[in-house]
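The following note sets out several points on the model shown below. Please read them alongside the sequence and the coordinates.

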Amino acid sequence: MRALLLKDIINLKTYGRSILIVLAVFTAVSFFSNDSSFATTFISVLLAIMAITSMSYDEQAKWNQYALSMPISRRHLVLGKYLLALLLTAFGVFISLVIALIPVWMGNAGEILPILLTVFTSASV
């Protein structure tokens, strides 16, 4: 299972660099505008979609055919994709929460409850 997750993470490494650039831009925009709702939602959804991108990369490389010739069950393949999606979504929620709390830490935001509702609502998408 660990090897399947590691394979997906290595495959997404180049795509992840693009995500980091987008993350930096939206963090800067949300910092200067004192409104992090769009950035937090966008980042959560973008990181959740990375699991689908991993499936696309596997399909292009015909990984599933190769994997089924090895001693890996279909159950472990599917479980690995679900675990990857869960980890990426959790990481997206964590990053979104940090970005949403930056204005609070700087003293520029009012209440914290609407910020937290935005972050966790975007995670449920």
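1. Surface. The chain exposes about 8,000 Å², and carbon and sulfur atoms supply 70% of that area. Accessible areas follow the Shrake-Rupley method with a 1.4 Å probe, and for residues only the protein chains shown count as cover.

2. Basis of the values. This is a predicted model, in which local features need pLDDT of at least 70 and side-chain atom pairs count only at pLDDT 80 or more, while totals for chains, interfaces and linings use all residues. Residues are numbered from 1 along each chain as its sequence is written, and side-chain values use heavy atoms, with hydrogens and water left out.

3. Secondary structure. Six helices and zero strands make up the elements of the chain, in the order α-α-α-α-α-α from the N terminus. Helices (H or I, at least four residues) and strands (E, at least two) are DSSP runs, numbered from the N terminus.

4. Among contacts (heavy atoms within 4.5 Å) with a separation of 6 or more, 76% join residues 24 or more positions apart.

5. Nonpolar core. The largest nonpolar core has 15 residues, of which Ile 43, Met 50, Leu 84 and Leu 88 touch the most other members. Two or more residues come from each of helix H2 (13-33), helix H3 (37-60) and helix H5 (74-106); H3 gives the most, with six residues. Such a core is a set of buried Ala, Val, Leu, Ile, Met, Phe, Trp, Tyr and Cys residues joined through side-chain atoms within 4.5 Å. Leaving aside residues up to four places away in sequence, Met 50 touches Leu 12, Tyr 15, Gly 16, Ile 19 and Leu 88.

6. A buried lysine. Lys 81 lies in helix H5 and counts as buried because its relative accessibility is 14%. Not counting residues up to four places away in sequence, Lys 81 touches Lys 7, Asp 8, Ser 54, Met 55 and Asp 58.

7. Aromatic pair. The structure holds one aromatic pair. The ring centres of Trp 63 and Tyr 66 are 5.6 Å apart and the planes stand at 55 degrees, so the pair is tilted. Rings of Phe, Tyr and Trp (its six-membered ring) pair if their centres lie within 6.5 Å; planes under 30 degrees apart are stacked, over 60 edge-to-face, and the rest tilted. Both residues belong to helix H4 (residues 63-68), three residues apart, about one turn of the helix. Trp 63 counts as buried, because its relative accessibility is 16%.

Key
Buried < 20%, exposed > 50% of the residue type's maximum accessible area, 1.4 Å probe, protein only.
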